Amino acid sequence: MNFGTPLLLLIVLFLFAVPIQAADFEKDIAPVLIEHCLECHQPNKKSGGLDLTSFIMMKAGGDQGAVLVLGNPKESLMIQRIEAGEMPPKEGRGLKAVASADLLKFKEWISEGAKWPANRTLGIHERKVDLKAAREFWSFQKVKRPAIPKVKDASRVSNPIDSFIISKLEANNLSLAQPASKGNLLRRASLGIRGLPPTLEEQDRFLKDQRPDSYLSLVEQFLGDPAHGEKWARHWLDLVRYADSNGYERDAAKPSVWKYRDYVIAAFNNDKPYDRFVLEQIAGDELPEPSFETMVATGFHALGTWQDEVDPLEAAQYRADEVDDLIRTTTQTFLGLTIGCARCHNHKFDPLTMVDYYSLGAILSPLKRPNQGRTDADIPYGNFGKLYRLVESSTKPNPTHLLLSGRASNLGPEMKPQVPAVLAPQQPEFPEKGKQTSERRLALAQWLIQKDNPLVSRVIVNRVWQQHFGVGLVATSSDFGQMGARPTHPELLDWLAHWFVHDAKWSLKELHRLILLSETYRQDSFHREAAALVDPENKFLWRFPYKRLDIESIRDSMLSVSGNLNKSMQGPGIFLPVPDVVIEAHTDKQAAWKAESGNVINRRTIYAFVKRTLTLPLLETFDFCDTTQSSEKRSSTNVAPQALTLFNSQFVNHQAEQLAFRLLRDFKDDQGMQVEMVFKLCLARSPTESEKAAMLSFLQKESKAIQMDATKAPSNIEHRAMVQACRVMLNLNEFLYPN
Amino acid sequence: MHSFNKSLTTRREMLTQSANGFGMLALSAMLAEEAKADVKINAPIQDPLAPKAPQFPAKAKRVIFLFMHGGPSQVDTFDYKPLLERDDGKPLPFNKPRVVSGQTGNLLKSPWSFKQHGQSGAWASELFPEIASHSDDICFIKSMYGSNSRHGGALLELHTGSDTFVRPSMGSWVTYGLGTENRNLPGFITVCPTLSHGAENNFSSAFLPAIYQGTPVGNAGTPSDKAKIPFITGETPTQLQRMEIDFFNRMNRERLQVTGPDNALEGRIDSFELAFRMQAAAPQLQDLSSETPATQKLYGLDDPATANYGRQCLMARRFAEAGVRFIQISHSYKWDQHGNLRKDHAKNAREVDRPIAGLLYDLKQRGLLEDTLVWWGGEFGRTPTAQGGDGRDHNPHGFTMWLAGGGIKPGISYGATDDYGYYSVENKVHFHDLHATILHQLGLDHEKLTYKHAGRNFRLTDVHGRVVREILA
């Protein structure tokens with residue numbers, strides 16, 4: 001170190017000799033620099049040419065020359081600027097002025113010769129978050145079970161959900177709507193739990209069933225139907241960015257990935273407790289007794305996009321991107337936090353730091369893809385067959401470093417495995433005693449499913465609520481942070497979360513049951529002017545909301561009413577037929593898509609092969625999710641291309657033809673009955689007199705017009721007219737927006 | 001009409017047989033009108049897309065927005081800064097903004113040389129030789145600024161006026177205010193829109209009736225020659241389909257009387273009417289083969305580098321000609337040069353320069369430029385300071401957009417950034433001001449174009465916006 005003058009050196013040596021007076025660098029100095037200066041004066045930014053992260057750079061000064069005169073704080077420019085109130089700048093950034101006590105220490109430190117420990121470099125990631133204050137935020141607080149509120153009109157309370165909903169409605173001079181008709185409720189519950197409409201037999205049975213618990217047994221029946229898992233697994237697949245291919249240029253298929261999809265379906269059907277479900281996906285390979293099933297579950301980590309050809313110069317950065325995908329997906333899905341924002345700097349709004357982010361990186365980054373060159377690979381598991389997952393191959397993983405500014409080339413300090421500090425007053429133990437792997441993920445998963453984790457239970461009950469009611473109690477279901485929405489019914493959310501863990505023992509079917517049996521769910525969906533004026537967005541649920549079926553339910557419903565639905569379960573993804581123009585537009589025409597045919601294309605939509613670079617137009621037009629990242633909610637648009645799809649696509653036309661065929665076959669020569677039945681099949685209700693008359697007259701007019709069509713032989717007129725009518729039925733608002 | 005009834009043909013056949021496309025359009029419109037007269041429903045069907053008179057005489061009837069997604073650099077295109085050239089490599093002599101999207105270093109001069117063009121003497125870099133040759137038709141706004149330095153937020157702010165809430169897109173507001181001149185087409189079409197950074201929220205109608213939502217043609221991942229509306233043609237003969245839709249309408253409307261009004265449900269009914277009419281109109285408009293070789297060349301269809309955006313530009317002219325109110329054509333997420341500025345900005349500019357110049361020329365020669373407002377720009381500009389050795393960061397604090405036609409003063413530059421092109425400093429124009437100005441040219445007062453939702457009146461410009469009268473012809 002060259003301190004300039006021998007005299008100064010003497011002073012410094014003298015001061016060093018009196019250690020009692022020395023300001024403590026780590027305690028008194030580093031925090032001041034980090035909190036007040038480093039935002040701008042760091043190597044990536046160097047405002048005014050000044051970098052204050054190391055002694056050498058501090059000593060070097062900036063554009064205005066030296067900022068530090070050793071032994072003389074008064075002459076030091078940095079002290080002058082601070083004392084003049086110029087630094088840190090007042091506006092923007094939210095940097096607080098240096099407290100006078102801190103400044104005193106700082107001056108003392110300079111007087112004493114500015115002793116800076118050797119090799120110590122400061123970083124912006126060391127900026128502290130006031131965790132105590134941050135933990136006051138609603139979603140970071142422990143879930144407590146609030147008291148169930150009293151309501152004025154208790155006649156409509158069938159379980160605590162209703163008490164919370166009605167009490168809020170009453171506070172706003174609103175009330176629940178009338179109970180929905182039996183037919184409407186039947187169709188709603190059937191679509192809501194199974195994604196399929198009720199069959200004619202189910203309708204018959206339920207409408208005739210006069211027992212007081214007829215609805216309860218209906219709900220039980222639906223929850224026991226394997227179709228339940230197929231409907232609800234799709235919502236989970238959106239969250240975990242599931243697809244059957246890797247994306248990017250080659251977009252090759254992910255081998256055996258469909259076993260993960262089948263795992264999720266089975267998990268929901270078997271009502272695997274949610275805590276176990278979380279555990280198996282995050283650390284299924286690290287469990288004391290792993291099985292084929294838990295290994296498949298761990299495929300969760302492998303579902304993201306994968307670039308099979310990376311420029312070697314970019315490899316490190318690409319690897320950082322892959323780990324980023326793991327961190328984001330895991331935290332958004334289970335915690336509802338956007339911790340991905342803390343990759344390059346501390347989160348701007350939430351108390352999540354770069355250290356939090358890279359500590360999670362230390363947990364997840366030991367996972368590697370077992371690819372062979374550009375070929376993605378599945379791996380054998382005993383005699384059970386192959387499965388698709390990332391693997392961790394050592395008990396002592398390579399160190400994980402914080403990446404300054406998020407750049408792989410810019411290694412910061414080494415990171416220990418840790419969970420986000422704001423959520424853990426006490427860090428869980430990462431024992432590092434694994435047999436095959438580090439078992440860091442096991443520790444993470446066990447921490448997540450502890451009963452007092454404030455987010456995991458809130459987030460999952462909210463997701464289930466969102467699927468049933470269209471909007472979650474927290475509208476931003478993957479962002480429970482500062483920028484996310486606040487709960488419309490905070491007490492209900494907490495009650496549900498607490499009940500879910502302690503009473504329902506993490507059973508999702510219990511949660512569905514509770515929701516479906518509430519009067520809130522069972523009310524009708526009709527408009528009421530007075531209520532709409534008070535609450536136009538129906539935030540308080542004064543009616544059951546209209547919401548468009550997702551595309552899977554639309555397609556599956558059509559297959560179901562046409563009688564075509566192939567209910568076989570499991571197995572590799574199906575390549576559904578696509579219009580030629582779509583293949584044409586694809587870069588890789590030959591290999592892109594080999595459409596299948598026969599009855600296999602009538603399977604439920606969840607079994608359709610999801611190719612990242614070639615989304616089926618039917619799915620794309622109807623707001624299928626982005627498969628490259630965790631998607632918490634589908635959008636619901638109403639554009640003309642959807643109408644075109646419903647009217648002109650081969651798929652819909654084919655279902656209309658089949659439905660017409662079915663009606664003409666089963667109710668031969670009885671047009672009245674055909675009309676009755678097409679309404680029951682499509683809408684689970686009988687037509688009104690007026691609707692019936694309208695359809696009969698339509699069939700008549702249509703037949704006449706077809707007869708006059710000189711371009712085609714006037715054969716099969718009855719069938720052709722009925723096809724037109726069926727297509728209209730499959731397109732009705734009520735078909736897509738159940739009551 | 002009677003004779004037509006006797007020989008029903010499929011739409012596809014009719015279109016191929018028809019020598020005169022627009023005659024067919026008229027025919028299908030007439031069919032539609034006639035069929036409507038047949039509907040026996042109490043409520044008259046009101047076409048929410050029917051053209052409406054502007055609030056005051058308009059200079060422009062429609063907008064073509066050439067969206068440069070990613071954020072083209074102002075200091076490398078139209079905002080010439082001699083001091084930036086002089087002080088290359090030195091630190092920015094004033095503070096950078098408090099909130100930036102990433103860190104930048106010292107000043108980086110433009111790798112491209114600038115010169116003045118036309119009678120107006122407008123500065124432009126060698127990146128845009130063709131557009132520069134139209135400088136005398138263009139009004140450069142060099143003092144644009146926005147409030148969000150991230151793509152997602154900036155895109156939403158540019159398209160909807162709000163970077164935090166889901167609000168109706170500008171195209172939706174315009175269509176809501178004016179309807180469409182061609183009722184066989186949506187009033188708002190967006191060609192190859194981005195799937196990221198807010199995606200459909202950038203062309204959504206939010207709380208406006210759903211029929212005002214932008215109709216996407218393809219998306220950012222589709223080459224423009226494949227950008228079609230899926231299932232635009234079907235097998236059902238038109239007349240039969242008309243009957244189907246009437247039946248569909250009747251059933252849906254009857255049901256609405258039971259369930260009560262609902263925006264989404266009513267929007268769906270409208271979307272079917274529109275879809276029916278689009279089937280005849282859209283494929284024809286997208287078929288560029290009827291354009292002369294000279295025109296195709298004008299737009300750069302003869303060159304693989306320019307053909308993709310060229311087709312979009314040509315499609316835009318055809319949509320404009322057919323009376324679509326708001327047309328957006330996106331040069332998808334390409335302009336985000338944090339690195340590789342030299343190579344990639346040059347490539348991007350090359351892809352769009354000739355097509356855009358062709359569009360300006362073609363609109364002008366057809367007399368369409370007078371009442372078509374052409375609007376060019378990205379969601380923000382870029383920093384004059386360097387990222388790495390060859391890149392620039394996002395900069396919402398000062399950047400350039402340009403307007404042409406539609407009653408905007410041609411051949412001028414308005415506003416200015418500082419000496420280095422970082423901050424907008426003189427005659428600053430915010431997105432809200434630009435929105436207000438564009439609405440004004442369309443004959444809409446941005447303070448009076450409102451929609452009541454959730455108990456209050458909303459507008460595109462919220463409580464902001466100033467019509468920039470200085471740039472009006």
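Where in chain A is A:N173 found? This residue sits in the loop between α7 (160-171) and α8 (182-194) of chain A. Bear in mind that we're looking at a predicted model.

Most residues other than glycine have a negative phi, and most peptide bonds are trans. You'll find B:N340 in the loop between β7 (326-331) and α12 (341-365) of chain B.

Are these two asparagines buried or exposed? A:N173 counts as exposed because it has 10 C-beta neighbours inside 10 Å, and the limit for exposed is 12 or fewer. B:N340 has 13 such neighbours inside 10 Å, so it counts as partly exposed.

A:P88 belongs to the loop between α4 (77-83) and α5 (100-111) of chain A.

**Where the chains meet**

On the interface, 53 residues of chain A are in contact with 54 residues of chain B. On the chain A side, the elements that give two or more residues are α24 (580-585), α26 (617-621), α27 (640-648), α30 (689-708), α31 (717-731) and α32 (733-736). By type, that side of chain A splits into 21 nonpolar, 20 polar and 12 charged residues.

**Chain B and the cores**

Chain B has 13 helices and 17 strands. Of its 473 residues, 57% are buried. Among chain B contacts with a separation of 6 or more, 77% join residues 24 or more positions apart.

In soluble globular proteins, nonpolar side chains tend to be buried together. Here, the largest nonpolar core has 283 residues, and those with the most contacts inside it are A:C726, B:L66, B:C139 and B:W375. Helix α9 (residues 263-286) of chain B gives the most to this core, with 11 residues.

What does A:C726 touch, leaving aside its neighbours within four places in sequence? Its contacts are A:A656, A:L659, A:A660 and A:V678. There is also a second, separate core of 23 residues, which includes A:C37, A:L52, A:F106 and A:I110.

How values were computed:
Residues are numbered from 1 along each chain as its sequence is written. Chains are lettered from A and ligands numbered from 1 in the order in which they are written. This is a predicted model: local features need pLDDT of at least 70, side-chain atom pairs count only at pLDDT 80 or more; totals for chains, interfaces and linings use all residues. Two residues are in contact if their C-beta atoms, placed from the backbone, lie within 7 Å. Helices (H or I, at least four residues) and strands (E, at least two) are DSSP runs, numbered from the N terminus. Ala, Val, Leu, Ile, Met, Phe, Trp, Tyr, Cys and Pro count as nonpolar, Asp, Glu, Lys and Arg as charged, and the others, Gly among them, as polar. A residue is buried if 20 or more other C-beta atoms lie within 10 Å of its own, exposed if 12 or fewer, and partly exposed in between; C-beta atoms are placed from the backbone. A nonpolar core is a set of buried Ala, Val, Leu, Ile, Met, Phe, Trp, Tyr and Cys residues joined through C-beta atoms within 7 Å.
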